[in-house]
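Look at the fold below and start from its inside.

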Amino acid sequence: AAAYDRLEQLGDWMDVNSEAIYETRAVAPYREGKLRLTRREDGTVYAIYLADEEETQLPSYMSMTELQPAEGASVALLGTGTPLDWEKAGTGFIVRVPENLRASPPCDYAWVLEISAVAR
């Protein structure tokens with residue numbers, strides 16, 4: 001029963017976030033803190049936030065120091081369709097997660113930022 005429960009949870013997560021997994025490759029810097037990075041051929045980058053066991057809610061912000069969205073790029077949380085506010089921070093960026101998304105995340109365990117384009 002536990003194995004079936006885990007498989008169902010994994011399926012639920014993939015329903016929301018599969019585009020960050022299928023047809024992607026790991027992209028440098030590969031990881032930073034709790035974020036893991038993948039990229040599609042079209043240049044879309046996905047930052048997968050791996051929550052700690054006790055985390056059930058998204059953090060109020062996420063940041064990176066080694067990757068930055070391109071000028072005019074959009075950042076969104078997969079499963080919501082909601083663009084998120086972001087700002088440059090040195091060679092990286094900070095994205096703010098609104099309270100309504102924090103309180104009602106689209107999935108459990110790991111959340112994915114979709115970045116439409118990154119600066120080179």
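In this predicted model, the largest nonpolar core holds 31 residues, and Met62, Leu67 and Leu113 touch the most other members. Several elements give two or more residues to this core: helix α1 (2–17) and the strands β2 (35–39), β3 (45–50), β4 (61–64), β5 (75–77), β7 (92–96) and β8 (110–115).

Apart from its neighbours within four places in sequence, Leu67 is in contact with Ala28, Pro29, Leu37, Val45, Thr91, Gly92, Phe93, Ile115 and Val118.

Now consider the chain as a whole. Its secondary structure consists of two helices and eight strands. Read from the N terminus, the order is α-β-β-β-β-β-β-β-α-β. The radius of gyration is 14 Å, close to the 14 Å that the globule rule gives for 120 residues, so the protein chain is as compact as a globular protein of that length. Along the principal axes, the C-alpha atoms fill a box of roughly 50 × 30 × 25 Å.

How much of the protein chain counts as buried? The share is 41% of the 120 residues. The accessible surface comes to about 7200 Å², and carbon and sulfur atoms make up 49% of that area.

The backbone has some details to check. Most residues other than glycine have a negative phi, and most peptide bonds are trans. Two of the contacts of Leu67, Ala28 and Pro29, are joined by a cis peptide bond with an omega of about 10 degrees. Pro29 is part of strand β1, which covers residues 25–32.

Glu23 is not a glycine, yet its phi is positive, at about 60 degrees. Glu23 sits in the loop between α1 and β1. Is Glu23 buried or exposed? Its relative accessible area is 71%, and the cut-off for exposed is over 50%, so Glu23 is exposed.

Tyr109 is another residue other than glycine with a positive phi, here near 80 degrees. Tyr109 is found in the loop between α2 (99–103) and β8. With a relative accessibility of 49%, Tyr109 counts as partly exposed.

Terms used:
Residues are numbered from 1 along each chain as its sequence is written. This is a predicted model: local features need pLDDT of at least 70, side-chain atom pairs count only at pLDDT 80 or more; totals for chains, interfaces and linings use all residues. Side-chain values use heavy atoms; hydrogens and water are left out. Helices (H or I, at least four residues) and strands (E, at least two) are DSSP runs, numbered from the N terminus. The radius of gyration is taken over C-alpha atoms; the globule rule is 2.2 Å times the number of residues to the power 0.38. Buried means under 20% relative accessible area, exposed over 50%, partly exposed in between (1.4 Å probe, protein chains only). Accessible areas come from the Shrake-Rupley method with a 1.4 Å probe; for residues, only the protein chains shown count as cover. A nonpolar core is a set of buried Ala, Val, Leu, Ile, Met, Phe, Trp, Tyr and Cys residues joined through side-chain atoms within 4.5 Å. Contact means heavy atoms within 4.5 Å.
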